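Try each task yourself before you look at the solution.

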Amino acid sequence: MQIGFTLDIYSDLETVFSWIANPDKAMVWMTSVAGGQIIDLRPGMVGITFRDRVEEGGGGIEMHGSITAFEPNHRISFHLESRVNRLDVDYRIDEVGDFVRLTVTSNIHWKFPVNVISLFAGSTMKKKIIAQSNEEFARLIRLCEEREAPQQASALT
């Protein structure tokens with residue numbers, strides 16, 4: 001399942017990147033991430049491994065991850081794996097005139113038995129992920145812009 005978003009944020013590259021690349025700051029706008037721990041630090045960021053606790057709907061799951069790409073103030077990519085899925089997420093930030101464009105691409109691979117469930121409920125699952133992501137990205141935009149009014153991200157299918 002692939003899901004993509006494009007957000008235009010009226011802020012600078014450094015501010016936006018810090019809200020994505022800094023785990024403590026990311027937990028402020030990512031509502032489902034309840035905690036995390038760095039397992040192995042690496043120079044240059046690529047190869048850093050970590051563990052996150054994701055909670056929603058009263059349940060929780062542990063995800064193991066690694067940073068797969070890193071370009072300061074431009075790109076950070078993660079590979080995450082849990083007992084129910086594998087997830088690759090790529091965040092790219094580009095300066096466009098007087099704003100910053102954040103492009104987020106997610107590729108989700110469900111494991112058994114969720115992969116079977118996704119055959120029947122995949123569109124519902126995708127809609128739920130998009131709705132949650134829109135809420136989180138609206139929060140990210142507010143934090144980066146330091147404004148009260150949220151802007152919506154547009155989903156790409």
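Predicted model: local features only at pLDDT ≥ 70, side-chain atom pairs only at ≥ 80, totals over all residues.

**Exercise 1. Find the salt bridge partner of Arg 101 and say which parts of the chain the pair ties together.**

*Solution.* 
- Step 1: Arg 101 forms a salt bridge with Asp 8, and their closest N and O atoms are 2.7 Å apart.
- Step 2: Asp 8 lies in strand E1 (residues 2-9) and Arg 101 in strand E7 (residues 99-110), so the pair ties together parts that are 93 residues apart in sequence.
- Step 3: Check the surroundings of the partner. Asp 8 has 26% relative accessibility and therefore counts as partly exposed.

**Exercise 2. Decide whether Asp 90 is buried or exposed, and work out which side chains it meets.**

*Solution.* 
- Step 1: Locate Asp 90, which sits in strand E6 (residues 85-96).
- Step 2: Compare its accessibility with the cut-off. Buried means under 20%, so Asp 90, at 13%, counts as buried.
- Step 3: List its polar contacts. The side chain of Asp 90 makes one of 2.3 Å with the side chain of Ser 77, and another of 2.8 Å with the side chain of Arg 92.
- Step 4: Look for a salt bridge. Asp 90 and Arg 75 meet in one at 2.7 Å, N to O. Asp 90 lies in strand E6 and Arg 75 in strand E5, so the pair ties together parts 15 residues apart in sequence. Arg 75 is buried, as is Asp 90.

**Exercise 3. Describe the salt bridge between Lys 111 and Glu 81.**

*Solution.* 
- Step 1: Give the distance: the side chains meet at 2.9 Å, N to O.
- Step 2: Lys 111 is in the loop between E7 and helix H3 (114-145), while Glu 81 is in strand E5, 30 residues apart.
- Step 3: Classify both. Lys 111 is partly exposed at 23%, and Glu 81 is partly exposed at 28%.
- Step 4: Turn to shared partners elsewhere: salt bridges join Arg 75, Asp 90 and Arg 92 into one network.

**Exercise 4. Count the aromatic pairs and explain why Phe 50 and Phe 78 are edge-to-face.**

*Solution.* 
- Step 1: The count is six aromatic pairs.
- Step 2: The ring centres of Phe 50 and Phe 78 are 5.9 Å apart and their planes stand at 90°, so this pair is edge-to-face.
- Step 3: Phe 50 is in strand E3 (residues 49-56) and Phe 78 in strand E5 (residues 75-81), 28 residues apart.
- Step 4: Both Phe 50 and Phe 78 are buried.

Conventions
Residues numbered from 1 in each chain as written. Heavy atoms only, no water. Helix = DSSP H or I, 4+ residues; strand = E, 2+ residues; numbered from the N terminus. Buried < 20%, exposed > 50% of the residue type's maximum accessible area, 1.4 Å probe, protein only. Polar contact = N/O pair within 3.5 Å; in protein donor to acceptor, adjacent residues only side chain to side chain. Phe/Tyr/Trp six-rings, centres within 6.5 Å; stacked < 30°, edge-to-face > 60°. Salt bridge = Lys/Arg side-chain N within 4 Å of Asp/Glu carboxyl O.
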